[in-house]
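Let's take a friendly look at a protein together. Have the sequence and the 3D view ready.

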Amino acid sequence: MTAFGTLFSMLLSCLMAYGLSRKDVPGRRIIMFMVVFTMLFSGGMIPTFIVVKALGLIDSYLALVVPSAINAFNLIILRSFFLNLPDGLEESAKIDGCSDWGILFRIVIPLSMPAIATVSLFYAVTCWNTYLPAILYLDSAEKWPVQVLLRQIVILASGISADTSGFADDFITPPDQTIKMAVIVVATVPVLLVYPFLQNILTKARFSGRSKDSGIRYDEAGKQALGEETKQDMKKQSADTKHVNAAAESVCPPLKWAAAACDSLMNRYQPLELPPANRWHYHQGVFLAGMLEVWKETGDDRYVEYVREYADGLIDPHGNLYMRRDELDAIQAGLLLLEMDERYGAEDGRYRIAAAKLRGLFDTLNRTSEGGFWHKDKYPYQMWLDGLYMGGVFAVRYGMRYGEPGLADMAVRQERLMRSHMKDERTGLYFHAWDEKRQMPWADPATGCSPELWGRSLGWYGLALTDFLEALPDDHPSREELSRVLGEFVHALVRFQHRESGLWFQVVDRGDRPDNWLETSCSSLFVCAMARAVRFGCAGAPVWEAAQAGYEGLLRILKADEHGLVVPAICIGTSAGDYGHYVSRPAVDNDLHGVGAFVLACKAVHDAMKP
């Protein structure tokens, strides 16, 4: 009964606390007032009994659980904790296609384990100590909880001590005090046994604090529950985790690992179910673009047909495509349309029409005073490193394919603007974002840059450079410049590679921080950029050795389940911020960011190994 009561109370309390913590819920202040009101004025014993009887709960365990399922004090604790979680988590989760239920159970609750553990202990102790409600509502003695039974033992023992006439002369009755002490031990020990298991989590709750400048709540002793188990898999291998045997590398070349990653997600999702489901989005675009690379190399039509089914599900018979028209992220998946038009264009003109609609966004997207594209309308006057891959690669390939070379020049200009404003001369790498107006809290007043070198944004930048060089003709005037920039970039990355694992940290240049962690998607993108740079002749042996070490490090962390390969420790979608913001992002398995990047890395290593 204690276990059921605790779970039931926690479920209802979490649901209500989450709802009351949402700023968009109408009437939440009135509801919260009503909750606090019950702490001061209760309905009373007799009205409560009448309600329980009217509900038909007399002589039922539900009578002990339902009337007191939500404790107002516990609800306030949970709501306060939920309110302190970063607002960006919900935004990023929604970008990833998470529903409200998914946000609660996959993001909010895992991040709130200190509060969950504390309130669970409160509810468990309350249920374990239930006495008066059982006396009032339970008629059957066999349903009495342990506290009522213990009370009956004390009463019976007292009666025996008072009258021993019916017993033998040598019968020894234990003192009343002994019986009471024994009963106290029986009632208390179970709670004492449970507490040590919660102590570590409760300690984290005590020391949780706020990151400087950002106002983001996080745990200084370990970032309080931010996918920590997944992150630790990057640092040490767990004996009870079913990891893919990296020794198979000798018999399983890179292209087969890429195919295995594609097959794994195909086993899990129908094309339109790829998260975020039923949306034209760069998450699917990155993964499916990698899948098309595998198709080109293997000739397995399962892959191109899977991509086509995704595109066909979102494009109507007239070539119309529902998409976000105010952001660069919407353009990236247009790379799929170029491939579909090349293969199926003679029989189906919709792909060319839809691609032209995406191309048209370059004429309408807002720009900085120098002509740099805003990353999204909701991020005015901001250029993000991500945007070079999200829009630039499509622009170059579309321009080369359909006779608009000016689009390639436009994309190269975007790279130059990013390089001029966002390069960190100390490391040779680039800051995640730049705010022309210096309005964002993270913007440096002098430079306008965000303060950190975030791994995946750097990975997108490197991937864009290599895709530019892949698509531009040999005589393009910017080719030499881009080759030099790529060479400098990959050499700078080598300096920050984690020697033991071969991977890279979430915040690339801060590997000495204990709360920083090794992240899979950026590591995959760096391996891809390095392997391609070597193939293009932009880098030599040291970079190739680093790429191989990174590739082998990726193989060591792979896992498997009943559906196939599992790529772990992938940071979810992330906006620009400070150090605490990046290292407190949850890490998940098989996020499309990471699986797509892993597929591209395997393909790049495969290409670089060709004679």
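Below are a few notes on a surface patch, a pair of helices and a glycine.

## About the model

This is a predicted model, in which local features need pLDDT of at least 70, side-chain atom pairs count only at pLDDT 80 or more, and totals for chains, interfaces and linings use all residues. Residues are numbered from 1 along each chain as its sequence is written, and side-chain values use heavy atoms, leaving out hydrogens and water.

## A nonpolar patch

Helix α2 (residues 28–40) gives the patch its largest share, 7 residues. Helices are DSSP runs (H or I, at least four residues), numbered from the N terminus.

## Two crossing helices

How do α7 and α8 lie relative to each other? The axes of helix α7 (residues 100–111) and helix α8 (residues 113–128), lines fitted to C-alpha atoms over the stretch in contact, come within 5 Å and cross at roughly 75°. The two are therefore roughly perpendicular (65 to 115 degrees, on a scale from 0 to 180 between N-to-C directions).

## A buried glycine

G462 is found in helix α20 (residues 455–471). With a relative accessible area of 0%, G462 is buried (under 20%). G462 touches L486, F489 and A529 (heavy atoms within 4.5 Å), not counting residues up to four places away in sequence.

Key. Angles under 35 degrees count as roughly parallel, over 145 as roughly antiparallel, 65 to 115 as roughly perpendicular and the rest as oblique. Buried means under 20% relative accessible area, exposed over 50%, partly exposed in between (1.4 Å probe, protein chains only).
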